[in-house]
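Open the model in your viewer and keep the selection panel at hand. Each stop below says what to select and what is there.

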Amino acid sequence: MYPNLINTPKIYSGKNCVLDNANIFATYGKKCLIVTSRTAGEKSGALADVVKALEVNDIGYEVFNKITENPLVSTVIEGGAVAREFGADFIIGIGGGSPLDASKAIAICAQNPQYDIDGLYNRKNPSKALPVILVGTTSGTGSEVTGVSVLTNDNTMQKKSIGGADCYGAVAFCDAKYTHSMSYDVTVSTALDAFAHTVEGFFSPRCTEYAFMYAKMALPLLY
C-alpha cells in the first residue's frame with residue numbers, strides 16, 4: 001500500500017494537450033480564477049491556450065497575476081478573496097513553482113475565509129478547497145503533481161510549506177512547448193532542481209520501492 005500515490009492528479013501531457021483536452025475544463029464548473037505571475041503565462045503561450053480552452057466551453061474567468069517569486073501568504077489570502085468575490089468554481093494555476101504553489105493555497109483560502117497567515121499554517125488538514133488545474137511552464141519543481149505549497153510567511157519572512165491532501169491539483173497539463181520561453185540559465189536551474197529532487201528521494205530513509213524505481217529511471221535521464 002503506497003498512500004502517496006492515491007492523491008496524484010490526472011496528468012495530460014504532450015504537444016497541445018491543453019487545447020486537445022479542452023473539454024476537461026468544463027467538468028469543473030462555469031467560472032474560474034486564473035492564477036499566474038506578471039509574465040510567465042503570456043511569454044510561454046500557456047495563458048493564451050488556457051483562455052481558448054475556456055472560451056470554447058463558455059467558461060467565465062478572471063486573471064489574478066500578482067504572484068511573485070517566493071509568494072507571500074498575504075497574496076494567496078488576497079487571491080482567495082478574489083476567487084470568492086468572483087464566484088469561481090475552480091482555480092487554474094499557470095507558471096513555475098511559485099504560481100503553482102500559490103494556486104493550491106488560493107484554492108484553500110477561497111473556501112476558508114477565516115484563515116489568516118498563521119491560520120493557513122495551522123489549518124485542519126485536509127481543509128475544504130476548490131478544485132485546481134495546473135499548467136506548468138518550467139520543468140524543475142514538480143509542483144503540478146505534488147501535495148505541497150511553499151509560501152513565504154509575512155510575519156517571519158521565512159519560506160515555510162503547507163502540505164496534505166488539500167494541496168494536490170485535480171489535473172496537471174504538461175506541454176514541453178511552454179518551457180521554451182525560459183532563458184538558458186533558468187533552463188539549467190530548473191533541470192538541477194529536478195535532479196536534486198530525484199537524488200533527495202533516492203536517498204530518503206522513507207524511500208519506497210516505487211520512489212526508488214522512478215529515481216533510478218530519472219537520474220540518468222536528467223543527467
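**The sheet**

Start with the strands: six of them form an open sheet in the order 1-8-5-4-2-3, with parallel pairing. Strands (E, at least two residues) and helices (H or I, at least four residues) are DSSP runs, numbered from the N terminus. Two strands count as paired if DSSP finds at least two bridges between them. Select strand 1 (10–13) and strand 3 (60–64): they stand at the edges with a single partner strand each, so one side of each has no neighbour in the sheet. From one strand to the next, the twist averages 20 degrees.

This is a predicted model, in which local features need pLDDT of at least 70 and side-chain atom pairs count only at pLDDT 80 or more, while totals for chains, interfaces and linings use all residues. Residues are numbered from 1 along each chain as its sequence is written, and side-chain values use heavy atoms, with hydrogens and water left out.

**Along the strands**

Select strand 2 (residues 31–35). Strand 2 pairs with strand 3 in the parallel sense over five bridges. Lys31 has Gly60 as its bridge partner in strand 3. Now show the side chain of Lys31: its charged end sits over the ring of Phe86, 4.4 Å from the ring centre. The criterion is NZ of Lys or CZ of Arg within 6 Å of the ring centre and within 35 degrees of the ring normal. Another such pair is Lys160 over the face of Tyr121, at 4.9 Å from the ring centre.

Go to strand 4 (90–95). Strand 2 and strand 4 pair in the parallel sense over four bridges, and Ile34 has Ile92 as its bridge partner there. Strand 4 also pairs with strand 5 (132–136), in the parallel sense and over five bridges. Look for Ile94 opposite Val135 in strand 5.

Which way do the residues of strand 4 point? Phe90, Ile92 and Ile94 point one way, and Ile91, Gly93 and Gly95 point the other way. In a regular strand the side chains alternate between the two faces of the sheet. Six of the six residues of strand 4 are buried, so the strand is largely enclosed by the rest of the structure. Buried means under 20% relative accessible area, exposed over 50%, and partly exposed in between (1.4 Å probe, protein chains only).

**Helices across the sheet**

Select helix 5 (residues 73–86). It lies across strand 2, strand 3 and strand 4, at about 160 degrees to strand 3. Angles run from 0 to 180 degrees between N-to-C directions; axes are lines fitted to C-alpha atoms, for helices over the stretch in contact. Contact means heavy atoms within 4.5 Å.

Next, helix 6 (residues 97–111). It lies across strand 2, strand 3, strand 4 and strand 5, running at about 170 degrees to strand 4. Is helix 6 enclosed or open? 14 of its 15 residues are buried, so helix 6 is largely enclosed by the rest of the structure.

**Helix 4 and two positive phi values**

Select helix 4 (46–56). Its buried residues are Ala46, Leu47, Asp49, Val50, Val51, Ala53 and Leu54. Helix 4 is followed by Asp58, whose phi is positive, near 55 degrees. Asp58 lies in the loop between helix 4 and strand 3 and is exposed, with a relative accessible area of 59%.

Move to Asn70, in the loop between strand 3 and helix 5. Asn70 is not a glycine, yet its phi is positive, about 55 degrees. Asn70 is partly exposed, at 33% relative accessible area.

Select Asn125 and Pro126. A cis peptide bond joins them, with omega about 0 degrees. Pro126 is in the loop between helix 7 (117–121) and strand 5.

Then pick Ala170, in the loop between strand 7 (158–163) and strand 8 (171–174). Ala170 is partly exposed, with a relative accessible area of 26%. Neighbours within four places in sequence aside, Ala170 is in contact with Pro9, Lys10, Tyr28 and Val132.

**Last stop: the rings**

Rings of Phe, Tyr and Trp (its six-membered ring) pair if their centres lie within 6.5 Å; planes under 30 degrees apart count as stacked, over 60 as edge-to-face and the rest as tilted. That rule gives five aromatic pairs. One of them, Phe202 with Phe203, is edge-to-face, at 5.2 Å centre to centre and 75 degrees between the planes. Phe202 is partly exposed at 24% relative accessibility, and Phe203 is exposed at 64%. Finish on Tyr12, Phe25 and Phe173, which ring pairs link into a cluster.
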